[in-house]
Amino acid sequence: MQIVSVLIPLGLPGPYDYAVPPDMDVGLGDFVRVPLGPRRVNGVVWQAPRALGKDDLEPKKIKSIVERLDVPALSEQLRQFVDWVAAYVMSPPGSVLRQVMRVPTAFEPAKPLLAYRLDPSTPEARPEKMTAARTRVFAALAMLPQGMGLTGPDLAREANVSSSVIKGLLAGGFLQTYPLPGHKAFAAPEPDHVQRDFSGDQKTVTQALSAAVAERDFTTHLLDGVTGSGKTEVYFEAIAQALRENRQALILLPEISLTTQFLERFEARFGCAPALWHSGLGPTERRRTWREIAEGRVQVLVGARSALFLPWQDLGVIIVDEEHDGGFKQEDGVIYNARDMAVVRARLASCPVILSSATPSLESYVNGREGRYEIHKLAARHGGAAMPKIQLVDMRASPPPRGAWMVPEMVASVGAALARGEQALLFLNRRGYAPLTLCRGCGHRYACPDCDSWMVEHRFRKQLQCHHCGHLEPVPELCAQCHEPDKLAACGPGVERITEEIIGHFPDARTVILSSDMTGGTQALRETIQQVARGEADIIVGTQIVAKGHHFPKLSFVGVVDADLGLGNGDLRAAERTYQLLSQVAGRSGRSAEAEGFAMLQTHMPEHPVLQALAAGDRDGFFTREVLAREIAGMPPYGRLAALIISATDPNEALAFVRELAQKMPAHGDIRVLGPAPAPIARIRNRYRFRFLLKGPKNAPMQAYIGQWLAPLKTRGSVRLSVDIDPYSFL
Ligand code: ADP
Ligand code: ZN
């Protein structure tokens with residue numbers, strides 16, 4: 001009897017053995033359907049078939065593979081990647097495989113796509129009972145050419161009806177279905193669709209990156225260029241080279257769903273749109289993309305971090321744009337950093353990886369400085385645009401007027417930009433109207449019932465919301481504690497409050513908010529970004545969303561309402577992150593040569609090194625000092641960190657487990673364990689949370705140590721334990 005080990009995309013300890021039916025031909029990497037308890041699940045053949053040995057289970061206890069699925073086998077490269085990531089982040093390999101197999105329909109035979117249309121022989125027939133919804137369905141279909149129809153979801157959207165309305169009309173014989181032809185293939189981007197003229201530096205970098213792609217070897221590149229220096233145009237040339245090599249290209253972007261502008265630029269350069277991969281994709285599009293990639297028919301894809309786990313056939317280059325962005329760290333389930341895993345993926349694929357940023361992460365900066373990454377610099381903005389001037393405003397010396405959040409100088413600068421016909425951006429990295437609501441009568445503060453956090457007022461939606469669990473309440477009229485009316489006060493500003501203030505100054509200007517929770521969702525946000533890019537807004541008030549790569553040619557003034565916001569929490573990367581965020585935000589201004597850029601930062605600590613460096617435009621000076629401080633403290637990238645996070649709905653259960661962990665902690669000469677301590681947010685979603693922080697030198701065997709520590713322990717009851725290697729969040 002032949003048996004194989006099959007890895008199942010679930011958090012099981014390892015692959016399970018199954019018998020291969022005599023008439024079935026299975027090999028390494030094949031997708032198969034196997035029984036698991038009462039269920040049948042899809043998995044991947046993880047080890048080559050072998051004869052049943054004497055150490056194996058008895059033959060009658062081994063279940064058989066049900067079927068081999070008609071999907072191209074998972075490459076050795078991707079299997080190695082799954083195993084590598086699993087070992088590194090200390091997740092079961094099956095949980096990592098789940099990242100690959102997230103698209104269940106990809107493993108089923110393609111269903112013909114059905115569309116609904118009017119019966120061509122009786123297009124005028126209508127049911128006796130015509131409801132408003134039914135009328136809308138007929139109206140939507142009547143707009144189409146004779147004989148044409150729409151898929152169920154499209155028709156439901158067009159007519160704004162539920163699928164039951166459509167099903168009812170189908171059952172009544174007023175509609176008919178017909179199969180649509182199969183999906184179109186993805187268009188092939190043309191490497192030489194247009195020819196750009198590159199400046200001196202751009203040319204040098206373009207040539208170096210293209211040469212690296214042509215080498216077909218693993219190399220790591222840090223594309224370090226100021227905002228607006230043409231990094232995107234330059235790495236497009238590396239993609240063009242991958243296309244000429246007949247290999248594929250993957251671009252990872254942190255805010256993929258907002259990237260209309262990026263897609264337009266891609267299309268201008270390559271003549272067609274790239275394939276996309278992000279959470280907003282519908283199931284049909286997901287299946288199509290997954291399958292086309294597995295079959296090697298997608299040339300370029302722009303995706304979120306999970307695109308690393310797509311079944312690529314022959315990757316020629318991976319680009320991580322805005323590589324410093326914290327959004328590349330996945331914080332739940334399999335906790336991994338897509339920027340770091342992109343480097344691993346490129347190594348396995350034998351292709352270069354390009355990390356691009358105007359403000360690289362300190363990790364990448366040090367890797368570059370120490371020669372592990374090749375650095376490519378673009379020091380000047382394209383087309384002669386100057387870097388924005390940055391001015392600090394000392395809020396201690398000149399506070400804003402009572403009840404206001406912006407100093408008169410800032411308001412005046414907004415006015416000046418408007419008078420010149422340019423745009424102004426006000427930045428505050430805080431959603432909503434106010435971060436805290438309190439009662440002036442009794443002092444009651446509105447807190448989330450399930451988290452240790454305050455409820456944030458969203459005045460435009462008339463709700464209080466917890467930003468940790470999403471809990472919502474209507475904005476109350478009476479105080480919940482003393483029941484007095486008109487005593488509730490909003491404390492502190494959020495973007496909505498800043499919007500209110502600036503509209504008070506410039507009631508006739510076109511003011512828009514860019515924040516992730518505005519009504520209308522991603523679609524509306526994308527449209528607003530395009531409006532701003534086209535110059536159809538005058539004042540933009542935004543959260544960190546505005547910092548991400550947008551090109552707003554008419555934007556000349558950036559006002560940062562609270563530059564100190566990120567510096568307050570003493571986390572390892574507070575200074576680095578604040579520098580990155582604020583220089584990215586300031587870098588939105590003056591990107592075209594017509595409008596000179598200027599940024600004003602309101603601060604209570606103008607002497608802080610981060611703010612001083614920003615004002616002086618001295619990034620490398622700041623990085624040098626920060627690197628030295630990390631080196632002295634033995635912090636990343638000079639040391640390694642890992643965290644254990646323990647949580648439970650019952651605080652006693654959590655505590656008991658934490659004590660047991662503390663008792664069983666193995667001794668290790670190099671690794672220090674800090675904690676246990678209650679997490680800074682000690683309760684989220686009604687789970688009580690504790691943390692251990694592990695610190696060791698760069699070569700410390702962190703995973704082995706944690707493995708040894710956790711091996712004898714088992715979580716009980718509601719206790720959950722997660723391991724975070726290279727943590728970014730310390731909450
Ligand atoms: P970055 O990614 O470094 O912020 P971009 O690639 O967005 O910079 O470039 C900024 C602007 O300059 C964009 O509008 C881009 O199209 C334009 N640009 C940069 N380099 C060139 C070039 N060589 N030829 C034409 N346009 C360029
Ligand atoms: Zn909450």
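Colleague: Buried means under 20% relative accessible area, exposed over 50%, partly exposed in between, with a 1.4 Å probe and protein chains only. Why is cysteine 469 called buried?

Modeller: Its relative accessible area is 18%, so cysteine 469 is buried. Cysteine 451 counts as buried because its relative accessibility is 1%. This is a predicted model: local features need pLDDT of at least 70, side-chain atom pairs 80 or more, while totals for chains, interfaces and linings use all residues. Side-chain values use heavy atoms, without hydrogens and water.

Colleague: What makes the arrangement around the zinc ion (ligand 2) tetrahedral?

Modeller: Four donors count as tetrahedral if all angles lie between 85 and 135 degrees. Here the four donor atoms subtend 107 to 114 degrees, so the arrangement is tetrahedral.

Colleague: Which atoms coordinate the zinc ion (ligand 2)?

Modeller: SG of Cys448, Cys451, Cys466 and Cys469, at 2.3 to 2.4 Å. Donors are N, O and S atoms within 2.8 Å of the metal (3.2 Å for Na, K and Ca). Along the chain their spacing reads C-x2-C-x14-C-x2-C. Cysteine 451 lies in the loop between strand S19 (436-439) and S20, and cysteine 469 in the loop between S21 and S22, 18 residues apart.

Colleague: How do you know that S20 and strand S21 pair?

Modeller: Pairing takes at least two DSSP bridges between two strands. S20 and S21 (residues 463-465) have three, in the antiparallel sense. Strands are DSSP runs (E, at least two residues). The open sheet runs S20-S21-S22.

Colleague: Why do strands S20 and S22 stand at the edges?

Modeller: S20 (456-458) and S22 (472-474) each have a single partner strand, so one side of each lacks a neighbour in the sheet.

Terms used
Residues numbered from 1 in each chain as written. Chains lettered and ligands numbered in written order. Helix = DSSP H or I, 4+ residues; strand = E, 2+ residues; numbered from the N terminus. Tetrahedral: all angles 85-135°; square planar, octahedral: opposite > 155°, others 65-115°.
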